[in-house]
Amino acid sequence: LFDAKTGLFWRDSTFVNGSVYWSRGNGWVMGGIARVLQYLPASDARHADYVSLLNTMAAAIKPWQQSDGTWHSDLTHPTKYNNPEVSGTGLISYAITYGINQGLLDRATYLPVVVSAWNGLVQQVDAQGRVGYIQATGSQPAAAAATETHDYGVGAFLLAASEMANLV
């Protein structure tokens, strides 16, 4: 499902050769890579492949970050659902921050990206402490509302927070 031309992943076979790249889906891949690298020894024959894929995806996803620091649900068509999306943004920023913290991604290139993403994420927390703009489960990108919250999006927010807290 990896599109070598864009450096991004399609959601499933129904999207192959199309132009829709879901932020949450690509966030799951990037977050998964970060989690694998936490446990995969550097001496493992595939370690460099995971590091390379993280670098490829970080470079591919960086230009799609919006001015508010978030990534929208449909990465390459950000105005289609013109609102922040926390689950994708949280997972993407978690993975990129992990990469910086581990010396796998260039700090000078990606620190402004994760600082902007974190600022965008915290703007989605309401006065009662609820995290909003989390797209519901589904099979493709869709809009999210300020009042829409789901556990997996809060989890992505917390993963991003945990790596931001470790940012040296």
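This is a predicted model: local features need pLDDT of at least 70, side-chain atom pairs count only at pLDDT 80 or more; totals for chains, interfaces and linings use all residues.
Colleague: Are α3 and α5 roughly parallel or roughly antiparallel?

Modeller: Helix α3 covers residues 86-101 and helix α5 covers residues 151-166. They pack at an angle of about 25°, with their axes 8 Å apart. Angles under 35 degrees count as roughly parallel. Therefore α3 and α5 are roughly parallel.

Colleague: Which class, nonpolar, polar or charged, has how many residues in the contact of α3 with α5?

Modeller: From α3, the residues in contact include Leu 91, Tyr 94 and Tyr 98. From α5, they include Ala 156, Phe 157 and Glu 163. The contact divides into 10 nonpolar, seven polar and one charged.

Colleague: Which element gives the most to the largest nonpolar core?

Modeller: That core has 35 residues. Elements giving two or more residues are β2, α1, α2, α3, α4 and α5. The top contributor, with seven residues, is α3.

Colleague: Which residues does Leu 54 contact, leaving aside neighbours within four places in sequence?

Modeller: Leu 54 is among the residues with the most contacts inside the largest nonpolar core. Its contacts, with those neighbours left aside, are Met 30, Ile 33, Leu 37, Ala 95, Gly 99, Leu 104 and Leu 105.

Colleague: Is Tyr 133 exposed or partly exposed?

Modeller: Tyr 133 lies in the loop between α4 and α5. Its phi is near 55°, a positive value in a residue other than glycine. Most residues other than glycine have a negative phi. With a relative accessible area of 21%, Tyr 133 is partly exposed.

How values were computed:
Residues are numbered from 1 along each chain as its sequence is written. Side-chain values use heavy atoms; hydrogens and water are left out. Axes are lines fitted to C-alpha atoms, for helices over the stretch in contact, and angles run from 0 to 180 degrees between N-to-C directions. Helices (H or I, at least four residues) and strands (E, at least two) are DSSP runs, numbered from the N terminus. Angles under 35 degrees count as roughly parallel, over 145 as roughly antiparallel, 65 to 115 as roughly perpendicular and the rest as oblique. Contact means heavy atoms within 4.5 Å. Ala, Val, Leu, Ile, Met, Phe, Trp, Tyr, Cys and Pro count as nonpolar, Asp, Glu, Lys and Arg as charged, and the others, Gly among them, as polar. A nonpolar core is a set of buried Ala, Val, Leu, Ile, Met, Phe, Trp, Tyr and Cys residues joined through side-chain atoms within 4.5 Å. Buried means under 20% relative accessible area, exposed over 50%, partly exposed in between (1.4 Å probe, protein chains only).
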